[in-house]
Amino acid sequence: MNEIRLLHGTDHIIERPDISIGNPHNDYGKGFYCTRLDEMAREWACKKNTDGFVNIYSFDMDGLKVLNLLDGKHSVLNWIALLLKYRTFKLDSEIAIDARNYMIEHYAADLAAYDVVIGYRADDSYFQYAQSFVSNALPLRSLNRALKLGSLGEQIAVISANGFARLSFIDAYGVDKTVYFPK
């Protein structure tokens with residue numbers, strides 16, 4: 001059994017994650033976004049400047065199809081292509097639009113073939129790097145360097161009904177907004 005512990009930070013307790021709920025404009029599209037890092041889950045729990053909760057799950061990954069963008073077989077281009085496909089943002093030129101379309105066509109994985117995506121978390125500052133890259137304002141070597149300097153954090157997105165069926169709620173605990181919202 002390949003069971004791991006996942007954490008999901010939000011403003012309420014979620015005993016049964018629902019595949020039909022979620023934002024299709026997240027990093028990897030609609031899904032249930034989790035982490036293995038307690039600090040990251042606590043920050044997510046208070047992102048609306050309210051007290052929140054970290055929900056704890058057991059997740060059995062046996063037999064699931066996993067796209068691991070951090071496994072060394074994928075490049076930063078694969079990660080950026082998925083961000084460009086799912087996140088919403090404004091591009092100011094035809095060159096940037098063509099670049100986005102090229103990246104998606106040549107580097108984005110078809111997530112319909114997967115149950116889980118493991119990859120970096122694209123907070124707003126890192127998403128700006130991706131936008132600058134597509135707008136031809138940041139070269140690839142600078143993008144790689146910038147991403148290695150930061151601490152993006154790893155997130156795990158459960159994106160299929162099969163994956164959702166493998167999530168088992170364990171517990172939840174409260175998080176204080178006065179400590180974690182500023183982060």
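**Chat: finding our way around the chain**

Trainee: Let's start with Ala-122. Buried or exposed?

Mentor: Buried: its relative accessibility is 6%, and the cut-off for buried is under 20%. Keep in mind that we're looking at a predicted model.

Trainee: Okay, where does Ala-122 lie?

Mentor: In the loop between β5 (116-120) and α4.

Trainee: And which residues is Ala-122 in contact with, leaving aside neighbours within four places in sequence?

Mentor: With Asp-27, Trp-79, Leu-83, Arg-87 and Gln-155. Asn-2, on the other hand, is 120 residues from Ala-122 in sequence, and their C-alpha atoms are 26 Å apart in space.

Trainee: Trp-79 is on that list. What else is Trp-79 part of?

Mentor: The largest nonpolar core, which has 28 residues. Trp-79 is among the members that touch the most others, along with Tyr-28, Ile-80, Leu-111 and Val-117.

Trainee: Which elements give two or more residues to that core?

Mentor: Three helices: α2 (76-86), α3 (94-107) and α4 (124-134). The largest share is from α2, with nine residues.

Trainee: Is there a second core, or what does Ile-4 belong to?

Mentor: There's a second, separate core of 15 residues, and Ile-4 is in it, as are Leu-64, Ile-118 and Phe-164.

Trainee: Back to α2. How many of its residues are buried?

Mentor: Ten of the eleven, so α2 is largely enclosed by the rest of the structure. The buried ones include Val-76, Asn-78, Trp-79 and Tyr-86.

Trainee: And Leu-111, what is that in contact with, leaving aside neighbours within four places?

Mentor: Leu-111 is in contact with Tyr-28, Leu-67, Leu-82, Tyr-86, Val-117 and Ile-159. Leu-82 and Tyr-86 are both among the buried residues of α2.

Trainee: Let me zoom out. How many helices and strands does the chain have?

Mentor: Seven helices and seven strands. Along the sequence they run β-β-α-β-β-α-α-β-α-α-β-α-β-α.

Trainee: What percentage of the residues is buried?

Mentor: Buried residues make up 44% of the 183. As for contacts with a separation of 6 or more, 85% of them are between residues 24 or more positions apart.

Trainee: New topic: pockets. What volume does the largest one have?

Mentor: About 1000 Å³. Its lining has 34 residues, and Gly-9, Asn-26, Tyr-33, Trp-44 and Lys-47 lie nearest the centre.

Trainee: Which elements supply at least two residues of that lining?

Mentor: β1 (3-10), β2 (32-34) and α1 (38-45) each do.

Trainee: And how do the lining residues divide into nonpolar, polar and charged?

Mentor: Eleven are nonpolar, eleven are polar and twelve are charged.

Trainee: Is Ile-156 buried or exposed?

Mentor: Buried, at 2% relative accessibility. Asn-68 is 88 residues from Ile-156 in sequence, with 9.1 Å between their C-alpha atoms.

Trainee: What about Ala-161, buried or exposed?

Mentor: Exposed, with a relative accessible area of 53%. Ala-161 is found in helix α6 (residues 161-164), and its C-alpha is 34 Å from that of Asn-144, 17 residues apart along the chain.

Trainee: What comes up in the loop between α6 and β7 (167-175)?

Mentor: Arg-166 lies there. Arg-166 is partly exposed, with a relative accessible area of 23%. Leaving aside neighbours within four places, Arg-166 is in contact with Ser-58, Phe-59, Asp-60, Met-61, Asp-62 and Leu-64.

Trainee: Last one: what is the phi of Asn-49?

Mentor: Positive, about 60 degrees, although Asn-49 is not a glycine. Asn-49 sits in the loop between α1 and β3 (52-60), and at 38% relative accessibility it counts as partly exposed.

Note on methods. Residues numbered from 1 in each chain as written. Predicted model: local features only at pLDDT ≥ 70, side-chain atom pairs only at ≥ 80, totals over all residues. Heavy atoms only, no water. 1 Å grid on protein atoms, 1.4 Å probe; cavity = no way out; pocket = protein on both sides within 12 Å on 5 of 7 lines; lining within 4 Å. Points joined across faces, edges and corners; volume = space filled by probe spheres on them. Helix = DSSP H or I, 4+ residues; strand = E, 2+ residues; numbered from the N terminus. Nonpolar A, V, L, I, M, F, W, Y, C, P; charged D, E, K, R; others polar. Core = buried A, V, L, I, M, F, W, Y, C linked by side-chain atoms within 4.5 Å. Buried < 20%, exposed > 50% of the residue type's maximum accessible area, 1.4 Å probe, protein only. Contact = heavy atoms within 4.5 Å.
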